[in-house]
Amino acid sequence: MAEAHQAVAFQFTVTPDGIDLRLSHEALKQICLSGLHSWKKKFIRFKNGVLTGVFPGSPSSWLIVVVGVVSSTYTRVDPSLGMIARISRTLDRTGGYLSSQTKQAVSGVLFGTGLWVALVLTMRYSLKALLSYHGWMFAEHGKMGRATRIWMCMVKIFSGRRKPMLYSFQAALPRLPVPAIKDTMSRYLDSVRPLMKEGDFQRMTALAQDFAVNLGPKLQWYLKLKSWWATNYVSDWWEEYVYLRGRGPLMVNSNYYAMDMVYVTPTHIQAARAGNTIHAILLYRRQVDREEIRPIRLLGSTVPLCSAQWERLFNTSRIPGEETDTLQHTRDSRHIVVYHRGRYFKVWVYHGGRLLRPRELEQQMQKILDDPSEPQPGEAKLAALTAADRVPWAKCRQTYFARGKNKQSLDAIEKAAFFVTLDETEQGYKKEDPEASMDSYAKSLLHGKCFDRWFDKSFTFVIFKNGKMGINAEHSWADAPIVGHLWEYVMATDYFNLGYTEDGHCKGDTSSSIPSPARLQWDIPQECQEVIETSLSSANLLANDVDIFSFPFDTFGKGLIKKCRTSPDAFIQLALQLAHYKDMGKFSLTYEASMTRLFREGRTETVRSCTTESCNFVLAMMDPSQTVEQRLKLFKLASEKHQHLYRLAMTGAGIDRHFFCLYVVSKYLAVDSPFLKEVLSEPWRLSTSQTPQQQVELFDFERNPHLVSSGGGFGPVADDGYGVSYIIVGENFIHFHISSKYSCPETDSHRFGRHLKQAMVDILTLFSLTSNSKKK
């Protein structure tokens with residue numbers, strides 16, 4: 001509606017007496033406010049760019065240094081060792097119109113500025129060198145040596161400002177190192193040793209040795225060259241070749257989901273929940289734009305993680321192409337697009353130069369819910385194009401959406417801050433039928449009806465009829481921890497800060513001056529509608545094949561696991577290995593996602609969780625002749641090995657990203673590597689990921705144990721394998737999401753889930769039995 005306001009801002013008629021000019025003061029006001037908002041954002045970006053550019057220094061530190069230097073020029077002390085005098089003589093040669101005092105002051109300012117820049121650069125590169133040290137990660141848990149304490153103090157000193165902005169540390173983060181080929185090869189052979197028969201392992205060892213001696217060094221040289229030139233030698237190729245060049249459906253295969261709190265729904269009024277949570281998301285976006293979000297830091301708020309992935313959280317859409325997709329990101333967007341009952345609505349989220357308040361957003365959502373209009377031909381199932389294969393969507397987009405009203409409406413969706421679906425179904429945990437209700441909830445968020453989520457948007461925000469909510473997120477622009485950070489903020493802001501009235505509505509007053517949501521207009525020809533139906537059929541086959549088991553595990557949590565003096569993540573990973581062996585009767589290559597955000601523009605690395613040590617432990621658990629002590633000893637060895645591998649992955653010494661980049665180089669050089677081809681074709685039949693809790697201070701689970709979240713999940717990576725996601729919340733709660741495919745006769749998500757529950761209990765029992773025997 002903003003276009004309409006601007007269109008009527010100036011009206012005139014030609015009369016015999018001249019031109020009668022009529023002005024719409026309200027429209028002029030909105031135009032002025034819009035301009036002020038735009039200039040305000042530009043100023044904030046400029047200011048933040050300056051502050052980030054001089055980090056770990058600050059404008060105030062510049063002032064202190066310059067004042068100190070200039071003041072010293074009026075004493076007999078010369079801190080510049082004659083440099084100020086040289087600058088003054090240079091000013092003399094450029095013109096004699098400056099007085100001696102002015103020249104002295106200007107010289108002092110110039111020298112002081114140069115000194116300050118040198119100090120800032122010294123601090124920045126010193127901080128980068130300090131952050132390149134990762135020995136602290138390999139220290140025994142709970143024990144910190146004197147050297148590490150000194151190192152931490154040095155990092156804090158060189159980190160400068162006490163309240164850094166979101167992107168402050170970016171220039172100080174080290175680059176991801178390229179591991180030595182012999183180290184990666186050794187770790188790879190160790191990882192596949194328990195999965196191969198002796199003959200196959202010997203063959204793979206010979207291939208690896210040949211690669212390490214012949215082709216490997218040549219590829220490594222090019223990779224080293226890239227690592228010196230590029231900010232990160234992995235991330236751009238990873239985004240391009242793993243995500244954007246994939247021609248299969250994003251739905252199920254790539255996109256993932258996040259759930260609401262399990263047991264609590266603050267209001268059952270759909271429009272009200274939408275009003276509060278959309279407002280919370282927009283508040284978060286404003287913090288991202290202003291860089292007010294604190295960068296995440298580990299080790300007692302000492303070691304920063306890369307924040308680059310926040311840049312494309314909002315105003316981003318994946319654009320389909322025939323050979324490769326692209327990511328379209330706009331600097332700002334003043335609207336969202338809402339889908340309901342087959343119709344698309346454009347909703348402006350600013351009015352009068354400010355964000356719409358929760359009650360006003362509720363009013364907008366209610367107008368959409370009450371709108372009786374029917375979908376236009378082809379409109380209802382249009383989003384099925386984003387759910388199926390990319391090539392038909394790319395061709396269809398170019399043919400039918402490149403001009404006219406279709407282009408305008410598609411632009412509105414792709415340039416929206418994010419996409420919203422007002423879902424017509426009721427979802428969420430139901431006490432009378434917990435398993436079926438959570439499975440339905442998970443499937444709805446993962447794929448819905450295949451045409452009611454816009455799978456190309458950075459994320460689709462879903463609000464169900466009963467007030468439950470969730471997110472479906474596209475994966476190429478960032479990884480799950482970024483969406484998780486946003487999601488925790490939204491849930492906490494909705495529940496603790498915004499709240500609802502006694503009758504379940506958003507707090508505050510409505511406004512009659514806000515333009516109503518505008519229907520997007522489409523002219524979709526019959527040929528395009530046929531493509532939509534074909535895409536929907538393909539997407540439905542994929543969605544109906546997904547078997548999901550989403551369940552809360554509250555028998556115990558990390559509180560008891562930590563008392564066993566082991567890592568909760570290692571505990572769960574070993575339980576997964578035990579459950580998988582019980583379920584399939586064999587071991588499989590296992591993928592666990594680990595982040596590499598200790599480095600600039602780092603994304604993920606793979607922890608190969610199936611190890612010789614974990615297999616020995618699982619076999620001992622399956623062997624009734626093994627004693628509790630023997631099993632416990634093997635568990636501790638496996639747990640320590642897993643933690644070591646996780647730390648290696650986090651510190652840039654993983655296996656799979658190195659091999660992936662070597663393979664990309666080989667393709668550029670048009671050389672064939674049987675070793676790399678075989679390594680990269682190995683299927684991940686067990687793919688796992690932990691959803692991190694990054695803002696736990698927002699929730700006090702000891703006082704509010706009912707506010708636990710379900711985390712999120714993803715589809716199976718292999719047609720004959722499992723995808724497992726889990727979130728560890730508080731001290732007593734873990735939620736699991738297990739996915740597989742119905743079409744595979746060997747897999748069953750619910751069967752695997754039952755094995756996993758039992759495996760968790762069996763491992764904890766080992767410690768209980770040992771503890772009891774010691775007491776006796």
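In the predicted model, a salt bridge (a side-chain nitrogen of Lys or Arg within 4 Å of a carboxyl oxygen of Asp or Glu) joins the side chains of Lys641 and Asp190, with an N to O distance of 2.9 Å. Because Lys641 belongs to helix H22 (residues 628-650) and Asp190 to helix H7 (residues 181-192), the contact ties together parts that are 451 residues apart in sequence. Helices (H or I, at least four residues) and strands (E, at least two) are DSSP runs, numbered from the N terminus. Lys641 is buried, at a relative accessible area of 14%, whereas Asp190 is partly exposed, at 36%; buried denotes under 20% relative accessible area, exposed over 50%, and partly exposed the range in between (1.4 Å probe, protein chains only).

The model is a prediction in which local features need pLDDT of at least 70 and side-chain atom pairs count only at pLDDT 80 or more, while totals for chains, interfaces and linings use all residues. Residues are numbered from 1 along each chain as its sequence is written, and side-chain values use heavy atoms, with hydrogens and water left out.

The count of salt bridges comes to 36. One of them pairs Asp720 with Arg685 at 2.9 Å, N to O. Asp720 lies in the loop between strand E19 (712-714) and strand E20 (722-729), and Arg685 in the loop between helix H24 (674-680) and strand E18 (686-691), so that parts 35 residues apart in sequence are tied together. Both side chains belong to partly exposed residues, with relative accessibility of 25% for Asp720 and 27% for Arg685. A further salt bridge connects Lys741 and Asp719, whose closest N and O atoms are 2.8 Å apart. This pair links strand E21 (residues 733-741), which holds Lys741, to the loop between E19 and E20, which holds Asp719, across 22 residues. Lys741 is buried at 10% relative accessibility, and Asp719 is exposed at 52%.

Regarding helix packing, the axes of helix H11 (residues 270-289) and helix H13 (residues 358-370) come within 7 Å and cross at roughly 130 degrees. Axes are lines fitted to C-alpha atoms, for helices over the stretch in contact, and angles run from 0 to 180 degrees between N-to-C directions.
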